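Visitor: I'd like to learn how to read packing and charge pairs in a model like this one. Can we walk through it together?

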Amino acid sequence: MTESKDVHMKDAQEDTSSFESEPLITEIEQSFTLLGKVATTFDNRYISKVFRDLGPLRRKLVKHGDDVLPIVIKNTYPQGNPSRGYLLELLGKAPSSSASDTMDVDSTAVLPEVELYLHLLVQVYLLDTEKLQELNALSEKVVQLMKSFNRRSLDFIQAKVWFYVCRAKELIGDLYSIRSELLYSLRTATLRHDIETTASIITLLLRNYLLSHDINQASNLVEKVEFPENAGNALVARYYYYLARINAIQLDYSTANECVIAAIRKAPQTPLANGFLQAATKLSIVIELLMGDIPELKVFKNKPGNLEPYFNVTKAVRLGDIKLFGEVLKKYEADFKKDDNFTLVSRLRQNVIKTGIRIISLSYAKISLKDICIKLHLDSEESTEYIVSKAIRDGVIEASINHQKGYMQSNELLDVYSTKLPQQEFDQRIKFCLSLHNESVKAMRYPTDNEKENITKEVEPSDEVELLKAIEEGDLDDFMD
């Protein structure tokens, strides 16, 4: 009885698995149908729909991909196709030559769009199931496969595939071997006017250089390449984020601040972009502190992610307490290193000292350098004199030093409206508003001639519903990661 019961339970599990896999196989084959339309009509609306459905499909593949993907591969590729063999091997399914696998498969060549998208699905499945060695082996195969294609209908899929190729190299700790292939593909994509692949590879190269701390190479790449203006907002946001990090490391804080603000503004406003928004917000706080400004309290409220370390650093800078700053830096060192902001946060020590000196100059008309040294917990009275002199020269405080008697005397405060400070602040705000207006005008999208012809033609009711849905979601032409 026990053996019979086990057999029945096993059969029931197999039936349940088959029942859950069949709709998933049908869903993937429907994506193949849309990709076939892309190949014939060159209409990117179908690509947009495929990628909108990729997120839910990806979550289903984590549970049932081991059963579904081998079936889809066998149904798509004819017997003897090299892609069929290595895809099944990477999924842990040895390719077989039984008649049941080949009886329903068409012997004609597989569409490049379908073939590359199927490789993308296998990439995503291997990444989500943490099979990194298999994913890395697949990356080498798919790079060679992309070199054999030259079709503009593949641009969006290639951009996605390149992201997962670089992600595989990053996770196994191999950042250098992929650079030559990325540079070669960047040149090829630029010559072919492949906007999406060009934008994707530029951001991937910048990320690669920043992870290996090759700041000079990243800066040289930015100077020598031109980022496509018509790239999707997700790629533009990522590009501006990397620009902000490069400029911040190179001490150009004003440019870095403009770039990180643009990155936050252009980032997709969806829950999937929370990780990016957290990283950009943390970088924005540090850059604002390095510029000598204090972020507003609302920046730290109702924001996703752990901003407590950055709030405590901001508090130490605002109070000008060098002792508190040292304690915060030591306590949250692991968090800052995890965010790759430890070097930038360490630079804030000078800002803390400047703030402390400014507070002292406003509180005391005359104070000895020895008392300043004690209040700010500095090393010596001599170093305090140098720091105060530099603060006076940089315009941080209005004061003078009596070197013979060893004290600092604050100058009488003048009316701020008699200085050029209000004019400079007003000019800065005007420039920001004009820049925002110009970028908004550039971001407007107008249909091309081909799209106008497609719109005027009769479309199926289902296609029309999908078009309206795409317009409402705002991703008709955008390539969202």
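Visitor: Leaving aside neighbours within four places in sequence, which residues is V313 in contact with?

Guide: Keep in mind that this is a predicted model. In soluble globular proteins, nonpolar side chains tend to be buried together. Here V313 is in contact with L289, F325, V328, F336, V345 and L348, once those sequence neighbours are set aside.

Visitor: Which residues touch the most other members of the largest nonpolar core?

Guide: V313 is one of them, along with Y117, L120, L121, I157 and W162, in a core of 119 residues. Helix α6 (residues 112-128) is the top contributor, giving eleven residues. Domain 1 (21-92 + 111-174) and domain 2 (364-426) each supply at least three.

Visitor: On to charges. How many salt bridges does a search of the whole structure find?

Guide: Side chains of opposite charge can pair when their charged atoms come close. The search turns up nine salt bridges. Take D214 and R179, which meet at 2.9 Å, N to O. D214 sits in the loop between α10 (195-211) and α11 (215-224) and R179 in helix α9 (residues 179-191), so the pair ties together parts 35 residues apart in sequence. R179 is buried, at 9% relative accessible area.

Visitor: What about K282 and D339: where does each lie?

Guide: K282 is in helix α14 (residues 274-290), and D339 is in the loop between α17 (333-338) and α18 (342-346), 57 residues apart. Their closest N and O atoms are 3.4 Å apart. K282 is buried at 10% relative accessible area, while D339 is partly exposed at 22%.

Visitor: Which residues are linked in a network of salt bridges?

Guide: R167, E170 and R207 form such a network.

Notes. Residues are numbered from 1 along each chain as its sequence is written. This is a predicted model: local features need pLDDT of at least 70, side-chain atom pairs count only at pLDDT 80 or more; totals for chains, interfaces and linings use all residues. Side-chain values use heavy atoms; hydrogens and water are left out. A nonpolar core is a set of buried Ala, Val, Leu, Ile, Met, Phe, Trp, Tyr and Cys residues joined through side-chain atoms within 4.5 Å. Buried means under 20% relative accessible area, exposed over 50%, partly exposed in between (1.4 Å probe, protein chains only). Helices (H or I, at least four residues) and strands (E, at least two) are DSSP runs, numbered from the N terminus. Domain bounds come from an automatic or database domain assignment. Contact means heavy atoms within 4.5 Å. A salt bridge is a side-chain nitrogen of Lys or Arg within 4 Å of a carboxyl oxygen of Asp or Glu.
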